[in-house]
Amino acid sequence: MAKAIGINHVALVVSNLEAACEFYEKELGLEVIPAFLFDYPTAFFKINETQQLHLTEWDDVFSFRGHVCMQVDDINAIFWRMKELGVVDTSPWGKVRQLPDGPIQMFVRDPSGNLLELSCKPGSEIDPAIFEDELFQAGIYVSGRNDFRGYKSKDATLYHN
């Protein structure tokens with residue numbers, strides 16, 4: 001049986017291509033790469049050697065909880081910058097948290113309202129001031145739905161080798 005072997009790209013719909021490009025390039029350090037000659041506004045970014053982010057401008061409705069998770073190289077700098085920008089969104093998945101295996105996870109909105117999860121590797125050094133910040137809450141997110149279907153484990157992680 002054939003199987004998926006990786007994610008080549010994620011495409012996000014944005015409401016203002018220029019503002020979105022500035023955010024992803026300036027705030028998250030993504031590299032602009034050439035896009036195809038489409039007849040609509042679009043921009044491609046290199047995340048790493050095998051993964052890309054594609055932005056395209058349309059008048060669409062945005063998801064409240066659906067998100068893309070990006071690993072960042074300096075969660076401390078990203079946390080303080082995203083807080084300064086006022087783009088941390090605690091409404092869909094709660095406050096900034098430390099996952100059981102150590103990484104920090106936080107959710108931010110890009111200029112078009114797309115939700116991004118930003119996270120660091122297990123073992124990353126975390127600024128102790130983050131744990132004291134009003135945007136931080138200990139423990140994993142609890143929805144209150146008490147619906148425990150799915151594939152779950154006490155040994156779960158976002159990072160698999």
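Mentor: Start with charge. The chain carries 14 positive and 24 negative side chains, and the centres of the two sets lie 10 Å apart. This is a predicted model, where local features need pLDDT of at least 70 and side-chain atom pairs count only at pLDDT 80 or more, while totals for chains, interfaces and linings use all residues. Residues are numbered from 1 along each chain as its sequence is written, and side-chain values use heavy atoms, leaving out hydrogens and water.

Trainee: What makes a side chain positive or negative here?

Mentor: Lys and Arg count as positive, Asp and Glu as negative; His and the chain ends are not counted. Each charge is placed at NZ of Lys, CZ of Arg, CG of Asp or CD of Glu.

Trainee: How many helices and strands does the chain have?

Mentor: Three helices and eight strands. Both are DSSP runs numbered from the N terminus: helices are H or I with at least four residues, strands are E with at least two. From the N terminus on, the order is β-α-β-β-β-β-α-β-β-β-α.

Trainee: Why is the chain called as compact as a globular protein of that length?

Mentor: The radius of gyration is 17 Å, close to the 15 Å that the globule rule gives for 161 residues, so the chain is as compact as a globular protein of that length. The radius is taken over C-alpha atoms, and the rule is 2.2 Å times the number of residues to the power 0.38. Those C-alpha atoms fill a box of roughly 50 × 45 × 30 Å along the principal axes.

Trainee: Why is Val 14 called buried?

Mentor: Its relative accessible area is 0%, so Val 14 is buried. The cut-offs are these: buried is under 20% relative accessible area, exposed is over 50%, and partly exposed is in between (1.4 Å probe, protein chains only). Val 14 sits in strand β1, residues 9-14.

Trainee: Which residues does Val 14 contact beyond its neighbours within four places in sequence?

Mentor: Among them are Leu 55, Trp 58, Phe 62 and Asp 110. Contact means heavy atoms within 4.5 Å. Val 14 and Phe 62 are 48 residues apart along the chain, with C-alpha atoms separated by 8.7 Å.

Trainee: What makes Val 88 count as buried or exposed?

Mentor: Val 88 has 18% relative accessibility, so this residue counts as buried. Its place is the loop between α2 (75-85) and β6 (97-98).

Trainee: What share of the chain is buried?

Mentor: Buried residues make up 36% of the 161 residues.

Trainee: Where does Ile 140 lie, and what does this residue touch?

Mentor: Ile 140 lies in the segment after α3. Not counting residues up to four places away in sequence, Ile 140 touches Arg 97 and Pro 100.

Trainee: How do you know which residues the "domain: VOC" annotation covers?

Mentor: The UniProt record, an unreviewed entry, gives residues 6-121. UniProt positions follow the numbering used here, feature names are shortened, and annotations may be inferred rather than shown by experiment. In this model the span is 19% helix and 33% strand.
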